[in-house]
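I opened my notebook today to look around a new structure. Here is what I looked up, entry by entry.

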Amino acid sequence: MSTRLARQGRLIDRSRQIEFTFNGKKLKGYAGDTLASALLANDQMLVGRSFKYHRPRGLVASGAEEPNALVGLGVGDRFEPNQRATTTELFSGLAAQSQNHWPSLEYDVGVLNSKLFSRFLTAGFYYKMFIHPRPFWKHIYEPFIRQSAGLGKAPETELKDADSYEHFYFFCDVLVIGGGVAGLQAAKSAAETGAKVLVLEEKSHWGGRTPVDGGTIDGLSPEAWITRTLAELEAMDNVTLRTRTMGAGVYDHGYILGYERLTDHAPGQGGPRHRLWRIRPQQTVTATGAIERPLSFAGNDVPGVMLAAAMRDYLVNWGVTPGQKVLVATNNDDAYRTAIALHEAGVEVVRVVDARESGGGELADRVRDLGIRIECGRAIAKVKDGKRVTRVAICAQNGEGGAREEIEADAVAMSGGWSPVVHLWSHCGGKLTWDAAQAHFRPDPERAPTGHDGRPFVGTAGAASGPLGLAEVMADAAAAGARAAEAAGRPARTARTAPVIATSDVTEAPMEPVWLMPARADIDLRMKTFLDYQNDVKVSDVQLAAREGYESVEHTKRYTTLGMATDQGKLSNINGLAILADALDAEIPQVGTTTFRPPYHPISMGAIGGEARGEIFQPLRKTPMYDWHDSHGAHWEPVGHWRRPYAYLRAGESVHDAVNREVKNTRDALGLLDASTLGKLIVKGPDAGRFLDMLYTNMMSTLKPGKCRYGLMCSENGFLSDDGVVARIDADTWLCHTTTGGADRIHAHMEEWLQTEWWDWKVYVANVTEQLAQVAVVGPNARKVLEKLNAKAGGGMDLSKEALGFMEWQDGEIGGFKARAYRISFSGELSYEIAVSASQGQAFWSALIEAGQEFGIMPYGTECLHILRAEKGFIMIGDETDGTVIPQDLGLHWALSKKKDDYLGKRAQVRSYMADPDRWQLVGLETLDGSVLPDGAYAVGNGVNANGQKNTIGRVTSTYYSATLDRGIAMGLVKHGPKRMGEVIDFPGLEGKIYQARIVDPVFFDKDGEKQNV
Amino acid sequence: MLILQCPYCGVTAEETELHAGGEAHLKRFGPGSSDDDFHDYLFMRENPRGIHLERWRHVSGCGKWFHAARCTQTLEVFGTYSAQTTEPPQQIKDAISAKRPGWSWRDVSG
Amino acid sequence: MSEAVSALNGASFAGLARVEETGLGGMITLRGDFTSAGFQAAVKAATGCAVPELRKITIADRGAVAWMSPDELLLLVDYAEAEAVTASLAEDLAGEHHMAVNVSDARACFTVSGAAAREVIAKVAPVDLAPGQFAPGDFRRTRFAQVAAAFWLDEADVFHIVCFRSVAAYMFNLLSTAAHPQAQVGVYS
């Protein structure tokens, strides 16, 4: 059984007991425990079920590489699936649930998968099964697999994450990722040059694994050295140290993401839960250490089989042992340290099985001296299946698994050698080289990732570079730190501290690669030998893929799903490659590795989103009258980032009713529209007229000061992009109105042409959209209300037809407000658009509302605006246009100047396709029964296309119920439309109804424009 | 995430402050141009693996357009330069030549 | 004429740093040729300031001038004076190509002050805010999370931020969120 020992546990505080639950069961741990160590202390060997076969699984590792111990953590609005027990710090009240089982962890019917279907759920199972026999999939396989597959449960959809998150931008000379002894040494070497250094450590404590492994540094124990070095670094102004912060990813041009977990160990304490550091170091040093590889033998996934160094971590760091009778299997000397540690802790080591014929070195001798039996050239044939280790069969390594000896054991410590953590080095293109002596890929310093200046920007330090011995690790780290500082422009000073001298306590015998135990294991064994624990990929799967012709490692990865789980193959990668290489009869370096992609370890979606949630999810643009609208029943419509009132709802009124009321009232009495969102661009300079002639299809240079002109803008390929009224202010100044969504876009469009094409033209542009609040005063009583305001103020600008004619503007005062008034109309009514300063917008609006009571004033929203303009046949950018429509399609020939040699879009509009008479053209549409056409509906004509679908001959672009006319009205683009006036065409709607509509003139109301010209 | 130095305000800006504007040094064809010339101007773009000349705008900054000479393969930036030019200045060409002797892009070369 | 009102009417928040909407300020966008003697004289006459160096702000008693781009300055004057100063700039520069536009009402202005001010801003802007890297008199246009902003630091270590008026509420909530009392980073404070 696994249990807490009476002694040891350098990271736990035995005076502080912590209660937590696992699957509802109350358990106890200590401050400093991880969830993993606390589960082991409570003999909870079984922590979850595997993804595909629902095999019982236990802890394999002690860090981020753990593939099995994924749990659902927290409850309610703090629940999160797939959290690793090994990286979860224990806290009081922690509630964890195991995953992938039904009905319970102990008794899972899904395990049948393993028994009944493991023959079928092999590599490429889904690909093969989709093909035949088809009926089997739908009714037999799919329901069964859906019930059993999947990793964890998603949080409840109705609940919102209770926590907050944030980003933080940080710049430094040298970033060191990893706070083990190598990281600390690299940081110190870099910082001594004066470089600004940031050090990130993903765990809550510094020093990494060296205190577990032992040795001396600068004559000190690792722990003493770590304490001293930390104190030195903390005392330096140019060094920033962060624990619980993982270097998550390395990106182009040296951009690094750090993932700080602020309250995961103390949920609900307030403040952000995670902080995403967006770091721009000059140089990055990855001191990310190495990960031990599992050994591939049958039953290597039975709970109790654990990495040897992880077992040592649990003993030394947390004082727990996974078993009482442990068998150690290895191909290198390091695992002997585990045997010694177990022995010293009073745990029986039943056997050390060393695959090497020649056995181990000094450490092996020490183990032998402790009276532990060592067998060389031997292998594990099989660990007996079950929910924990009970029996282990051993055999000759160089064989097929015969002549087994069975040994009783309740845990297995395995070591297949070590691989440096090269992920961060590789994220941005750092290349690897095969180190045959260590049987691992390590960073090739000659082929580092390069940045904006073409120079390397990532270096590695310590075990992450490849060396495993403490002396080499420390020397490498010191050099890496200094090198990084120099590359960041901080050359070493003359007075440097003495080079660090470290020693491990022993010399080790060379490891021997062992990719399969035993070397020629038969198929029964290989089918129980797991490479990728999380995705249930076995040795036999990779071999099958190779037999089926998969040669590329990237293809094999996808076909078998090897390394595609949330652990990204941290444990399985090299072992899988080796099996594939063997099956292909190739060398491992020739097979190569798959691509390492960020993040190193999953990070929360919350951290990525940062502060952008709730009210600040997205900027919401508000006009100066926003609050008034909001308190007067505004039903909001998003228009870009703006919010505009769609309609103002009165008590008990539906949106539809409100819109109809607003339409009628504006036509009959007086309406008020907040038009502040319309873009307003000032264009000024000696060449401004010439410039606007190029931008608009119409002639703007000839516009007289005091006058307005409606203008169209096209893109260079001829399509309509924006429209609006242009007012000429003075000899060299124009004011261009754009659509609400167009202000920033058209401003940018103008700047682009001025800066990149006509840079010798003297024109300046300024966006004054937000300087002004603009109010459209619309309806038969429009002039009356404005004149009343003037009368109250004792004077103001003359707003009579004679003084301010249609399509004219004037500066002056209205009701005591400094204002610019435009006689323009988008409704067909008598209409003034009045611009006042934004800071007075609300006051002006309120004055109008008050003065307008006797004239029946009502505010109206965007839907009423749309209906009013549609009744008049005015086009709307974004409704009648969609980026493929040219002015000619809309019958706007009158707005295309024939006098100009050039304007943006002119050349494109004579391309053959643009001049095609078959292009769909704008018409009005009236349903025969008065109903409202569905938006976007297509008209069908005779015949069918190549796919057997009916030919389409047009589509609806705008469609409304017109309260003025009490019927549906619409505009649309129809093939040969203007020549087919009076014809009736069919628009199939949804649910089978066919709308019949007559082609009519698009101007439905007041065709002669009598209402606006008063 | 790329960083480029804006030649107008001197800021070394990260990509989130910038807006990519596609290929540099396009020659505009207007009314009277041939169908082929106009078609190429509108639609035909270089997509090199290697040296590329591009337009960028420091949109969340000084607002100015500028040019960048960049390697699309290694992302190395050889330099940024004024938008008000129809070809890269000699200094930029030299910077590219120093790293990629014998380079060419459209009809531009070292 | 009725009283002018700023977007948030002087809202404030106290957390890691103090965030405050500072009300209406006079602001003029001035574009022209910085090398022209007439231009320099007009700027001096309007504000008492010289044309600032690249990405700097010059501050005098009557006003301040910030470097926006190679052909654009932002002149800061009294709100009540903005109209008149804009008009006199136009007069002074009548002979040369320029643009002077009053944008006082198009903007919202904030200050962020206190020991953690640098950290608060470093949460939302991709700018190095280390003390040696961003100093009093520095002026920077960038983005604050999702909106455009310009900011500078004064001699009293107070950050001044200018953004568009329509997003004033977003900016205030953004800065207040970043200044949450329990969200200290501890790097610059």
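**Entry 1: the fold of chain B.** I read along chain B and wrote down its pattern as β-β-β-α-β-β-β-α-β-β. That comes to two helices and eight strands. I noted here that the model I am reading is a predicted one. Next I looked up the radius of gyration of chain B, which is 14 Å; the globule rule gives 13 Å for 110 residues, so chain B is as compact as a globular protein of that length. Its C-alpha trace spans about 40 × 35 × 25 Å along the principal axes.

**Entry 2: inside chain B.** I asked what percentage of the 110 residues in chain B is buried. I found 38%. I also looked at contacts with a separation of 6 or more in chain B, and 45% of them join residues 24 or more positions apart.

**Entry 3: strand 4 of chain B.** I picked out strand 4, residues 51-57 of chain B, and wondered why it counts as largely enclosed by the rest of the structure. The reason I wrote down is that five of its seven residues are buried. Then I checked its partners. Strand 3 of chain B (residues 19-23) pairs with strand 4 of chain B in the antiparallel sense, over three bridges. In strand 4, Arg57(B) is the residue that His19(B) stands opposite. Strand 5 of chain B (residues 65-71) also runs antiparallel to strand 4, and seven bridges join these two. Here I found Glu54(B) opposite Ala68(B) of strand 5.

**Entry 4: the two domains of chain C.** I moved on to chain C, which is divided into domain 1 (12-23 + 106-181) and domain 2 (26-105). Their C-alpha centres lie 23 Å apart. The contact between them takes nine residues from domain 1 and 10 residues from domain 2. On the domain 1 side, strand 9 of chain C (residues 139-144) brings the largest share, three residues. By class, I listed that side as three nonpolar, one polar and five charged residues.

**Entry 5: where chain A meets chain C.** How many residues does each chain put into this contact? I found 38 from chain A and 40 from chain C. On the chain A side, the elements that each supply at least two residues include strand 36 (679-684), strand 43 (817-822) and helix 24 (841-851). Strand 9 of chain A gives the most, with five residues. I sorted the chain A side by class too, and it has 16 nonpolar, 13 polar and nine charged residues.

Methods
Residues numbered from 1 in each chain as written. Chains lettered and ligands numbered in written order. Predicted model: local features only at pLDDT ≥ 70, side-chain atom pairs only at ≥ 80, totals over all residues. Helix = DSSP H or I, 4+ residues; strand = E, 2+ residues; numbered from the N terminus. Rg over C-alpha atoms; globule rule 2.2 N^0.38 Å. Buried ≥ 20, exposed ≤ 12 C-beta atoms within 10 Å, placed from the backbone. Contact = placed C-beta atoms within 7 Å. Domains from an automatic or database assignment. Nonpolar A, V, L, I, M, F, W, Y, C, P; charged D, E, K, R; others polar. Pairing = 2+ DSSP bridges.
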